[in-house]
Amino acid sequence: MFEELYDRLGIAALDRAVPASAGVEFLRPVNPATGKPMPVVRAISAEEYEAMADRSVAAFREWRMVPPPRRGEVVRRIGEALRAKKADLGLLITLETGKIRTEGEGEVQEMIDMADFAVGLSRQLHGLTIASERPRHRMMEQWHPLGPVGIITAFNFPAAVWAWNAMIAAVCGDTMIWKPSPRTPLTALAVQKIVDEVVRSVDLPCEGVFQLAPADEAIGRRMLEDRRLPLISATGSCRLGRVVGEVVGRRLGRSLLELGGNNAIVIAPSADLELAIRATVFAAVGTAGQRCTSARRLIVHESIHDQVLDRLTAAYQRVRIGDPWEDGVLMGPLIGEGSIAAMRAALDAAIAQGGEIVFGGNRLDRPGFFVEPALVKADPSMPIVGEETFAPILHVMKYRTIDEAIAIQNAVEQGLTSAIFTSDLREAEQFLSPEGSDCGIANVNIGTSGAEIGGAFGGEKSTGGGREAGSDSWKLYMRRQTCTINHGRDLPLAQGVQFDLDS
Ligand code: UN1
């Protein structure tokens, strides 16, 4: 059905192109809306990985000496190539992840935005000049390329999260090896083809800068241990992050972690409910609740709780669920059978702990992995409310005072995004103050998901502390060097220390 699309993206007939030799492993993506297999992708072997990492090291030696604005030129061309392929790549993302068409294309737009951002950055990498305490001394810091970066991405943003890392790493002078989710290798392959074409067409030493390692967990594990990769940037569950943090930490490598979220929206009595309801539905139901930024908890003032729940229920009834490539559909399938089971288990736990399902939660009777989004009346004390289930479940809770709302918001292990809907300036400012939300992202009158790339993206506590994409996140992809230069004829020591051979 989508053969022409695969053709245009250079990923057609992969099934036929594979060698028949023994020991070859395949990644087998499934279209979650149909449950049918998509073209298979050959996984790299352990030997191929070793060669890839050597190549990354060799490429880094040259790439680091290319002036950053020239490096930016490659990224600029990648951005242009992505613009040309936006519709096709967006549709492939829709087919492989089940996210709706506008979100699939939005993901490609996020990559383009990252490319634009990184091109600008390529002329702005900068350090400080710092006042020296010593006469005729100058102190400055400079930022140098770090080395080959290992990028591990999740199924739900199979391309944009690579771009957050790759576009920045490339202008910073790093090379990289990308291990995509085994569930979304086709998107990764299509992106790699776009990049390879750019690399071939530019007159710069960027061969080997961008490499793709479609592989299973064993290769991922090898990457974590590999000292040739000074930075591992990983997106995924808190469980994955604990492994990455531990293994990379053992070799004292650097890790950048973007892990689970259990994001809450607070709706205050003065909120514009029209906005609040729309934002909540997008945040909780959009991407079938499979964003790390999805809203999973709604904390509503007791005076408007019932009204909000009624309006939400009415809105949920209107959400069209179906084939994600069809116009008008707002919610596609979950990624697989396991997600359906996890959703069912979370709903059962909620009921056992005293919660009440007020809407949805059932599996749809059709092929693929479709569910109704669920609204659950809950209490903050229920243990399940503290867990991230990667599915469209929204736990709705009551609060009385703003202090209580903030306490509930902060009472979970994760700390990615948060939002308050209020027209009360004091409440909004309190939410953003040191005694407010403890998350990496805190919004006012905007939902929890759909962040722009210009800001630093990431969260605190079990979310891992990493920051990717905009602002000064680039600093994690470089090594800082503090330099002190003496242009005088004396050798004064810092802190007034005397160390004179003649005294
Ligand atoms: C993720 O789910 O891993 O803020 C990332 C957002 C998107 C990124 C989500 N820009 O929802």
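This note walks through selected features of the structure, point by point.

1. **Basis.** This is a predicted model, in which local features need pLDDT of at least 70, side-chain atom pairs count only at pLDDT 80 or more, and totals for chains, interfaces and linings use all residues. Residues are numbered from 1 along each chain as its sequence is written, and side-chain values use heavy atoms, with hydrogens and water left out.

2. **The seven-stranded sheet.** Seven strands form an open sheet with mixed pairing, in the order β14-β15-β16-β13-β12-β18-β19. β14 (356-359) and β19 (441-444) stand at the edges; each has a single partner strand, so one side of each lacks a neighbour in the sheet. From one strand to the next, the twist averages 25°. Helices (H or I, at least four residues) and strands (E, at least two) are DSSP runs, numbered from the N terminus. Two strands pair if DSSP finds at least two bridges between them.

3. **Inside the sheet.** Strands of a sheet pair through backbone hydrogen bonds, either parallel or antiparallel. Strand β12 (residues 263-267) and strand β18 (residues 417-421) are parallel, with four bridges. V266 has I420 in β18 as its bridge partner. Helix α14 (residues 425-432) packs on the sheet and touches β12, β18 and β19. The direction of α14 makes about 175° with that of β19. Axes here are lines fitted to C-alpha atoms, for helices over the stretch in contact, and angles run from 0 to 180 degrees between N-to-C directions.

4. E110 sits in helix α5 (residues 101-121). E110 is buried but has no salt bridge. Which side chain of opposite charge is nearest to E110? It is R291, 5.8 Å away. A salt bridge requires a side-chain nitrogen of Lys or Arg within 4 Å of a carboxyl oxygen of Asp or Glu. Lys and Arg count as positive, Asp and Glu as negative; His and the chain ends are not counted. Buried means under 20% relative accessible area, exposed over 50%, and partly exposed in between (1.4 Å probe, protein chains only). Not counting residues up to four places away in sequence, E110 touches F157, A160, W164 and I453. Contact means heavy atoms within 4.5 Å.

5. **Aromatic pairs.** The structure holds seven aromatic pairs. In one of them, the ring centres of W162 and W178 are 5.1 Å apart and the planes lie at 25°, so this pair is stacked. W162 belongs to helix α6 (residues 160-171) and W178 to strand β8 (residues 176-179), so the pair ties together parts 16 residues apart in sequence. Both W162 and W178 are buried. With F210, W162 and W178 form one aromatic cluster. Rings of Phe, Tyr and Trp (its six-membered ring) pair if their centres lie within 6.5 Å; planes under 30 degrees apart count as stacked, over 60 as edge-to-face and the rest as tilted.

6. **Salt bridges.** The count comes to 26 salt bridges. R228 and D54 form one, with the closest N and O atoms 2.7 Å apart. R228 is in the loop between α8 (217-225) and β10 (231-235), while D54 is in helix α2 (residues 46-63), 174 residues apart. D54 is partly exposed at 45% relative accessibility. A network of salt bridges links E50, D54, R222, D226 and R228.

7. **Two further charged pairs.** D323 bridges to R366, with the closest N and O atoms 2.8 Å apart. D323 lies in the loop between α11 (305-318) and α12 (337-352) and R366 in the loop between β14 and β15 (374-377), so the pair ties together parts 43 residues apart in sequence. D323 is buried at 18%; R366 is partly exposed at 30%. E460 and R467 also meet in a salt bridge (2.4 Å, N to O). E460 is partly exposed at 32%, whereas R467 is buried at 19%.

8. **Positive phi.** Two non-glycine residues deserve a look. A469, in strand β22 (residues 468-469), has a phi near 65°. Is A469 buried or exposed? A469 is buried, at 1% relative accessibility. Q495 has a positive phi of about 60°. Q495 lies in the segment after β23 (478-486) and is exposed at 67%.
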